[in-house]
Amino acid sequence: MAESSTGRLTTRTLAMPADTNPAGDLFGGWVLSQMDIAAGICAGQRAQKRVVTVSLDGLSFIRPVKVGDVLGCYTYVASVGRSSIVVNVEAWVRRGRIGNREKVTEGRFTFVALDEHGRSTAVPPEHELPDYVRNHLSGDRPEDL
Ligand SMILES: CC(C)(COP(=O)(O)OP(=O)(O)OC[C@H]1O[C@@H](n2cnc3c(N)ncnc32)[C@H](O)[C@@H]1OP(=O)(O)O)[C@@H](O)C(=O)NCCC(=O)NCCS
């Protein structure tokens with residue numbers, strides 16, 4: 001059975017020639033940046049306030065990303081502390097826009113929710129979240145690229 005993605009499809013974009021390394025594949029840093037953006041959307045909605053990235057664990061570059069691939073980042077909230085939120089991110093591509101779908105990268109990003117003074121602040125309990133966030137907290141979303 002084909003591997004399936006875990007989490008919600010949070011961002012989609014197209015891999016462009018300007019972001020390639022000398023070998024013609026996409027820079028790892030570009031892929032990482034797309035993952036950080038998606039994870040930040042997920043964490044910011046869970047926190048309902050500004051968040052910052054504090055750490056990144058378990059990053060694996062599994063397969064290269066090529067120009068013309070559609071890149072999609074799937075996210076879900078793996079755990080919540082007082083002010084910290086761990087977001088699992090999987091990046092998948094649709095090769096050449098219409099080809100095979102493959103997982104290219106995965107990792108776990110930790111964010112901290114900040115108050116207006118830039119200090120860590122408590123993440124709200126789930127029952128206080130708006131429906132558009134709560135509805136996506138449990139279960140996988142079978143959204144395709
Ligand atoms: C986020 C920041 C305000 C936290 O400051 P701090 O003094 O460690 O704050 P606290 O001691 O209150 O810790 C806050 C939370 O962060 C967690 N934390 C702090 N550093 C961490 C790290 N490296 N990895 C994982 N969690 C971390 C703590 O465990 C704590 O979690 P909890 O509230 O859920 O228990 C500070 O580290 C910061 O400003 N970092 C820079 C973030 C940034 O600019 N990111 C973008 C980089 S370009």
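Predicted model: local features only at pLDDT ≥ 70, side-chain atom pairs only at ≥ 80, totals over all residues.
Residues are numbered from 1 along each chain as its sequence is written.

**Around Lys66**

- Lys66 sits in the loop between strand 2 and strand 3 (helices are DSSP runs of H or I with at least four residues, strands runs of E with at least two, numbered from the N terminus).
- Setting aside neighbours within four places in sequence, Lys66 is in contact with Ala15, Asp25 and Arg95 (contact: C-beta atoms, placed from the backbone, within 7 Å).
- Phe27 is 39 residues away from Lys66 along the chain, and their C-alpha atoms are separated by 9.7 Å.

- Five strands make an open, antiparallel sheet in the order 1-3-4-5-2 (two strands pair if DSSP finds at least two bridges between them).
- Strand 1 (8-14) and strand 2 (51-61) are the edges: each has a single partner strand, so one side of each has no neighbour in the sheet.
- On average, neighbouring strands of this sheet are turned by 25 degrees against each other, direction ignored (axes are lines fitted to C-alpha atoms, for helices over the stretch in contact, and angles run from 0 to 180 degrees between N-to-C directions).
- Strand 4 (residues 84-94) and strand 5 (residues 101-113) run antiparallel and are joined by 11 bridges; in strand 5, Thr110 is the bridge partner of Val86.

**Helix 1**

- Helix 1 (residues 28-47) packs on the sheet and touches strand 1, strand 2, strand 3 (70-80), strand 4 and strand 5, with its direction at about 135 degrees to that of strand 4.
- Its 20 residues reach 28 Å from first C-alpha to last, close to the 28 Å expected at 1.5 Å a residue (the expected span is 1.5 Å times one less than the number of residues).
- Buried residues of helix 1 include Val31, Met35, Ala38 and Cys42; the buried residues of this helix pack against strand 1, strand 2, strand 3, strand 4, strand 5 and helix 2 (131-134).

**Positive phi**

- Most residues other than glycine have a negative phi.
- Arg97, in the loop between strand 4 and strand 5, has a positive phi near 75 degrees and counts as exposed with 12 C-beta neighbours inside 10 Å.

How values were computed:
Contact = placed C-beta atoms within 7 Å. Buried ≥ 20, exposed ≤ 12 C-beta atoms within 10 Å, placed from the backbone.
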